[in-house]
Amino acid sequence: MTLLVLLLVPLIEIVVIIAVGQAIGGWLTFVLLVACSLLGAVLIKREGSRTWGALRKALASGRMPAKEIADAALVLVGGVLLLTPGFVTAAVGLFFLLPFTRPVTRRWLELAVGRRLLRTPGVPPGMGGPSGTGPRRKPPPDDDVIEGEIL
């Protein structure tokens, strides 16, 4: 799956860049790609400092900064995607970076990571395990009981 994505994304980007170049011209396409990268750099700086401030505030208040860590990861990935030349990666990067779309992306990320972490190794999805998507199995009996006394 990862190999397929690594092959398809550049191919899609090239097709889109060629299509935009044919529609508006080569130089204007180049300027647009550079502008996307510059916008990405500005947004990374702004959203990165906001996210860093929120992370510091959460740590100072003594609460677990799960949301802030997820936001920091999304800002990082979104920034890298915006700096990468291409219109499709720029659109995805903007979705990761903008403060009003980031909560949607964060929720999607939480679901994807949760699904991945809760999958039972060696058991296909839907066939059982802790995800609740299939029949449950009884846990193995605990035969290793050592009786003792606490002094």
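Biologist: In what order do the elements of the chain run from the N terminus on?

Modeller: They run α-α-α-α-α, and the chain has five helices and zero strands, where helices (H or I, at least four residues) and strands (E, at least two) are DSSP runs numbered from the N terminus. This is a predicted model, in which local features need pLDDT of at least 70 and side-chain atom pairs count only at pLDDT 80 or more, while totals for chains, interfaces and linings use all residues. Residues are numbered from 1 along each chain as its sequence is written, and side-chain values use heavy atoms, with hydrogens and water left out.

Biologist: Why is H3 called roughly antiparallel to H4?

Modeller: Helix H3 (residues 66-83) and H4 pack at an angle of about 155 degrees, with their axes 7 Å apart, the axes being lines fitted to C-alpha atoms over the stretch in contact and the angles running from 0 to 180 degrees between N-to-C directions. Angles under 35 degrees count as roughly parallel, over 145 as roughly antiparallel, 65 to 115 as roughly perpendicular and the rest as oblique, and therefore H3 is roughly antiparallel to H4.

Biologist: What makes Val92 count as partly exposed?

Modeller: Val92, which lies in helix H4, has 36% relative accessibility and therefore counts as partly exposed, since buried means under 20% relative accessible area, exposed over 50% and partly exposed in between (1.4 Å probe, protein chains only).

Biologist: What percentage of the 151 residues of the chain count as buried?

Modeller: Of the 151 residues, 23% count as buried.
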